[in-house]
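Morning, everyone. I'll take a few minutes on some backbone details. Have a look at the model first.

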Amino acid sequence: LSLSQAMCQNLGDLSLAGPLKDMNFSIPEGAGVRPIYQFISETPVIFRATGEKDGIIDIVPKTGMLYLNGSLDRETKAVHRLQVECLDENGDVVKGPYSVTIYVEDINDNPPKFDQTTYTGVVRQNSRAGKPFMYVHATDPDDPTTPHAQLTYSILHHFPNPYSDMLFQIDSTTGAISPSRTGSFYLDPQKQNTFTLVVAVKDMAGMTTNAFTSSTDVIINVKESLWKAPPTIYIQENSTETHPVNISQVHSNEADVIYELFEKEGLARFPFSIDRNGVIYVTEPLDREKKDSYLFYAVTKDSVGELVDKPLQIKVIVKDINDNPPVCENALTVFEVQENEGGGSTIGTLHATDMDEKDTLNSRLKFSIESQVPAVPSNNMFIVQQDTGTLQLMSSSLNKQTAANYSLKVMVTDADFQTICEVQVHVIDINDQIPIFEKSDYHNVTVAESIPVGTVILEIQATDTDEPDTGSSHIIYQVEEGDPNHKFIIETDPETNRGFVKINKALDFETDKVHNLVINATNPEPLVSGVQYNASSRTRFKVFVTNMDEPPTFQQPVYTANVSEDIPVNTLVVKAEAYDPEGDTVRYSLEGDVKKWLKIDSSTGNIYTASALDREYKELYKVDIVATETKNAAQRSKIPLILHLKDVNDNPPQLVTDYPTFFCYPVRGGEKALIQATDVDGHVYVPRITFSLGDDMETKKNWEISKVNGTYAHLSPKHGNFEEKVYIVPVIIKDSGNPSLENKVNLEVNVCQCSSEKSCYIKLQHENSKPSAGQAIGILLGVLLVIGAIIGGVFFHMKYKQKNEKKSQQKDAKDQTECVELN
């Protein structure tokens, strides 16, 4: 396409023309040959353009048409500055020069390019999610102020990709590559140490329209995490080194982190610290006996205080040194041994402790006897086992008469220390004497069967010549024979060994009139071999029980009976049984039978119904059964009888008439009156009562009834043509018993003028009318007869004037209006 053709082709669209002056133009790059502007002059001139035409921009001398003869390139030159002037035929400037500036508009004609064809990076295992470990970078020569050069990064492919989520992520704006949350958790060089990411960059700010894309490979090497918990740290206690002492070091995967230590135990003093390089120090000597181990954590934080790595657990074990001597468990250890013990017998074990570490040579203890006082009958009466501290007799030569006590000094040693423990051995008497009663027979004791439990009935005494206040001389008394039911008990005074025979359980003359008791006396300490208890350690006596007149005793503490309320009269309800301990005859009676529902056979104790029962009056009916001795009426016993009355359906339902039923006159329709029924019979939950109307046609024509629930129903008028009066509505109510009972009730329903929704008024009026002619004559004659009678009486009986009074007077009846308020 020639310049002239292009100009002609575009000239029709050219609307920009004008006189020569300073001008600015914006032209898209790559637009090709085209006119720009036509400068017009009133006089014939020649136009000339000079400046940064770069062989692309020029002007037609005769027409003043400024044009492009090729495409502009913003990336080559973004601004072209020209001067345009007018010349006459002689070449002299007649106008100008004027400045013409052409700004080249950018188009998206350059794809972005990465700085490198391949990138490599290193990431540490367990690195923080979102923390960049490398960057990729791309450039675009298009105008950076437009979307043409605004770049967006993304990961196209991930080789290999062993999980459903990518292990790496990229910042779409900066090109920063970091582990994803999944990568932070799962990256492991032992499983996969190299990954290849295909990273794409797109211009147009990520928009797909006219966008260019480039890609590059990113090779990522996974290295082992530097952030590892050190092995258990062992520190010897009571170290004399200069503190603080370097004991370990931790390394974060990231640079420029802040290291800190924290512990959860809340120690008063925490003897560890960490510096900015992750070096851990112990700040003071440790004491294993105070605390033998420490557990704390190392953490890393960034500059804003956020955690960088997961906390590492640090464990410190304090190593023991032998810095504690043995300690006797007791300041004085006392053992007892009987004088007849044989050689080799164990007397006891001496206990000592060492605070140094258990089961080590530092805490291993050895025992030896240093001295024995007195040294009789020899100076080696005892031996102690070296490793256990068990004390034994060397021979069977102890004699309390020779030496009643021995004092031993036992040396206890560990590897470096030694301690003396004090031991005393008391030689105790052997139980070679039996208790001997002062009497072999205490004869008889007589007590009443009503004697209270705990009463002392006899004191007994035995003696024992063994060493006082020991198990060999203390005496225990027991009933050996004659008391199978343990009616007696014997208590011992520990100071005097005197025995007190007491009543342990109530006595009963009718069961046991005499108790032949044999008592033995023993020691809590076993007798030595060859010595046995004999008849001297036994005594006997008899207990005679005297009879007391006791009241009758019932076979049961309470009688109960479950009966139906409709059982016939003379039905046997329960049989009461009582007996008299002395064998006397018992007679029965009832007390508290206020309803006279029951009767009792005085000889047999059989209780019958005497009249009809009524559960609705009393569901639980309580009376007392009385048993009385026939020979002594003062001896009587009483127990309750409780009748549980079971319900039968013997009461028809009743309407509740607390609130009169009424409808306001005139009846408009849709009104409802709530009626309620009750049933005094028992029901499991609530009564189930049905409501219906009587069978007469008039009732069903005027009224209808509908159920609300088990005890309520609505009565409604069927029309509005009701007079102002009281209507009788027959209502049938029926319960749910088996068999069921029903009740027909004439319900009074008042249709009245209402003053409110809850009350109505009935006005009662007398008619005011004139009497007829016959009535008037009758009245007049009656009045005249009365007057005549009065005058005649006065005339003929004047002398009785003071004695008689007028006995009748005519009183006019006044009409009254009666107002009845129904609530």
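This is a predicted model: local features need pLDDT of at least 70, side-chain atom pairs count only at pLDDT 80 or more; totals for chains, interfaces and linings use all residues.

Residues are numbered from 1 along each chain as its sequence is written, and side-chain values use heavy atoms, with hydrogens and water left out.

Go to Pro97. It sits in strand 8, residues 93-105.

Now Pro377. Where is it? Look in the loop between strand 29 (366-373) and strand 30 (382-384). Val376 and Pro377 are joined by a cis peptide bond, and omega there is about -10°.

Next, positive phi. Asn126 is not a glycine, yet its phi is positive, near 65°. Find Asn126 in the loop that runs between strand 10 (118-124) and strand 11 (134-135). Buried or exposed? For the cut-offs, buried means under 20% relative accessible area, exposed over 50%, and partly exposed in between (1.4 Å probe, protein chains only). Asn126 has a relative accessible area of 32%, so it counts as partly exposed.

Last one: Lys596. Its phi is positive too, about 55°, and this residue is no glycine either. The loop between strand 46 (586-591) and strand 47 (598-600) holds Lys596. Lys596 has a relative accessible area of 61%, so it is exposed.

Notes:
Helices (H or I, at least four residues) and strands (E, at least two) are DSSP runs, numbered from the N terminus.
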